[in-house]
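Here is a short report for a reader new to this structure. It starts with the fold and then moves on to individual side chains.

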Amino acid sequence: MDSRAVYPGTFDPFTAGHRDVVDRVRRLFGRVIVLVAVNPDKQPAETVDNRAATIRAGLPADWSNVEVAAWAGLTAGYCRLHRVDVLVRGVRNQADLRHEYPLAVLNEEMGVTTLLVPARPGLATISSTAVRRSQADRSPRPAP
């Protein structure tokens, strides 16, 4: 299998839902690149390189067809440069679908097909934002 797919995102943080998408698509493609993106509209807690390293360290060793890369440009540019024809996006709900569909159309016009992977029901409510909030709620706070 020489097929390749890119799964882009800021992954701040990389959640159980993200991991599930990677696990499912790694079985469909010869190679899957988890593309840790720089998004100027977001202010992640960690640098792109730290997020990539954290994801890489958390993937099972036997997922040999999965790699992690950091990227600051357009995902379609990465796909062209690395000859990747499929972009993977996870969708949790109708709001995600409404957001992703127009982007998928644009990517298709640039020669990159988008595969929308629906979240498993037990993972559909997980978002990076909710995970960050939960982590912040659990962090120790200085005494007044």
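Two strands pair if DSSP finds at least two bridges between them. Helices (H or I, at least four residues) and strands (E, at least two) are DSSP runs, numbered from the N terminus. By these rules, strand β1 (residues 4–9) and strand β2 (residues 31–37) pair in the parallel sense over six bridges. Within this pair, Ala5 faces Val32 of β2.

The model is predicted, so local features need pLDDT of at least 70 and side-chain atom pairs count only at pLDDT 80 or more, while totals for chains, interfaces and linings use all residues. Residues are numbered from 1 along each chain as its sequence is written, and side-chain values use heavy atoms, with hydrogens and water left out.

**The fold**

The chain has five helices and five strands. Along the sequence they follow the pattern β-α-β-α-β-α-β-α-β-α. The strands form an open sheet of five, in the order β3-β2-β1-β4-β5, with parallel pairing. Which strands stand at the edges? They are β3 (66–71) and β5. Each has a single partner strand, so one side of each is left without a neighbour in the sheet. From one strand to the next, the twist averages 30°. Angles here run from 0 to 180 degrees between N-to-C directions, and axes are lines fitted to C-alpha atoms, for helices over the stretch in contact.

Helix α1 (residues 16–26) packs on the sheet. It touches β1, β2, β3, β4 and β5, where contact means heavy atoms within 4.5 Å. The direction of α1 makes about 120° with that of β5.

Contacts also reach along the sequence. Among those between residues at least 6 apart, 78% join residues at least 24 apart.

**From β4 to β5**

Strand β4 (residues 86–91) pairs with strand β5 (residues 113–118) in the parallel sense, over six bridges. Val91 stands opposite Pro118 in β5. Together with helix α4 (residues 94–109), the two strands make a right-handed β-α-β unit. A crossover is right-handed if, with the strands pointing away from the viewer, the path from the first strand over the helix to the second runs clockwise.

Asp96 lies in helix α4. Is Asp96 buried or exposed? Asp96 is buried, because its relative accessible area is 15% and buried means under 20% (exposed is over 50%, partly exposed in between; 1.4 Å probe, protein chains only). The side chain of Asp96 makes a polar contact with that of Arg92, at 2.8 Å. A polar contact is a pair of N or O atoms within 3.5 Å; within protein, one must be able to donate a hydrogen and the other to accept it, and residues adjacent in sequence count only if both atoms are side-chain atoms. Leaving out residues up to four places away in sequence, Asp96 touches Gly90 and Val91.

**Helix α3 and burial**

Of the 144 residues of the chain, 38% count as buried. In helix α3 (residues 75–82), the buried residues are Thr75, Ala76, Gly77, Tyr78 and Cys79. They pack against β1, β2, β3, β4 and α4. After α3 comes Arg83, whose phi is positive, near 55°.

**Salt bridges**

Side chains of opposite charge can pair when their charged atoms come close. A salt bridge is a side-chain nitrogen of Lys or Arg within 4 Å of a carboxyl oxygen of Asp or Glu. By this rule the count comes to seven. The table includes three of them.

| Salt bridge | N to O distance |
|---|---|
| Arg120 and Asp20 | 2.9 Å |
| Asp23 and Arg27 | 2.9 Å |
| Glu100 and Arg89 | 2.9 Å |

Glu100 is in helix α4 and Arg89 in strand β4, so this pair links distant parts of the chain, 11 residues apart. Glu100 is buried at 6% relative accessible area. Arg89 is partly exposed at 22%.

Where do the partners Arg120 and Asp20 lie? Arg120 lies in the loop between β5 and α5 (128–138) and Asp20 in helix α1, so the pair ties together parts that are 100 residues apart in sequence. Arg120 counts as partly exposed, at 42% relative accessibility. Asp20 counts as buried, at 13%. A network of salt bridges links Asp20, Arg24 and Arg120.

In the remaining pair of the table, Asp23 is buried, with a relative accessible area of 19%. Arg27 is exposed, at 54%.
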